[in-house]
Amino acid sequence: MQALAHYPDGHADGVDLSPYALERAAEAAAERGLADRLTLHERDARSYVPDGDYDLVLCVGSTHAFGGFGGALELAGRHVNPDGILMVGEGFWQVPPTPDALAALGAKPDDHADLAGLVDAAGQAGWAPVYAHVSDTAEWDDYEWSWTGSLTEWALDNPGHPDAAGALTAAREHRDQWLRGYRNMLGFVTFVLRRI
């Protein structure tokens, strides 16, 4: 939506499996006056077939939808115009993970690369980073506090809802995994990529 706001002649397509996420996106687009330039598709991103190619394809924090970083480069990247941009956000090991970090994430050491490994993987897939933003600890903390806090707040505001107790538990468990497990070990980078 920020891209649409910056490019008044642009049109965007959003793809997600979650009807709830798509409903929220539609509401946000309407609030910002962008609904007429945004088309939402409830489907698997791996099998999404657009009418044409895009100048910009965004896959930030959702490479899992394509089976990981390599899959996102291949499958999301196939929709990018020859001179277009693929923007991909991905987690990486800032430092070698401890057993606590791996347990918190339910991960193996090779589930994530380090930052240099991600750059190498992009290059091997035919993409060159022309810019990257590495989220600092404050940004990462803000992300974690925001989503666990939102879930907690919803549960506290809806105590009679059948999902309230589960939401509180999920927020607490994730917060503990983050604070006691992978905080300052798992980083996040957003790459601006162009074809080599």
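The accessible surface of the protein chain comes to about 11,600 Å², and 53% of this belongs to carbon and sulfur atoms; areas come from the Shrake-Rupley method with a 1.4 Å probe, and for residues only the protein chains shown count as cover. This is a predicted model, in which local features need pLDDT of at least 70 and side-chain atom pairs count only at pLDDT 80 or more, while totals for chains, interfaces and linings use all residues. Residues are numbered from 1 along each chain as its sequence is written, and side-chain values use heavy atoms, with hydrogens and water left out.

**Overall fold**

The protein chain has seven helices and six strands. Helices (H or I, at least four residues) and strands (E, at least two) are DSSP runs, numbered from the N terminus. Read from the N terminus, the order is α-β-α-β-β-α-β-α-α-β-α-α-β. The radius of gyration is 18 Å, close to the 16 Å that the globule rule gives for 196 residues, so the chain is as compact as a globular protein of that length. The radius is taken over C-alpha atoms, and the rule is 2.2 Å times the number of residues to the power 0.38. Of the 196 residues, 34% are buried; buried means under 20% relative accessible area, exposed over 50%, and partly exposed in between (1.4 Å probe, protein chains only).

**Strands β1 and β2**

Strand β1 (residues 12–16) and strand β2 (residues 38–42) run parallel and are joined by five bridges; strands pair if DSSP finds at least two bridges between them. D13 has T39 in β2 as its bridge partner.

**Aromatic pairs**

Rings of Phe, Tyr and Trp (its six-membered ring) pair if their centres lie within 6.5 Å; planes under 30 degrees apart count as stacked, over 60 as edge-to-face and the rest as tilted. The count is four aromatic pairs. F69 and F191 form a tilted pair, 6.1 Å centre to centre with 50° between the planes. F69 lies in helix α3 (residues 69–76) and F191 in strand β6 (residues 186–195), so this pair ties together parts 122 residues apart in sequence.

The rings of W145 and W178 have centres 5.0 Å apart and planes at 85°, so they are edge-to-face. W145 is in helix α6 (residues 137–157) and W178 in helix α7 (residues 164–182), 33 residues apart.

| Residue | Relative accessible area | Class |
|---|---|---|
| F69 | 7% | buried |
| F191 | 2% | buried |
| W145 | 45% | partly exposed |
| W178 | 0% | buried |

Ring pairs also link W140, Y143 and F188 into a cluster.
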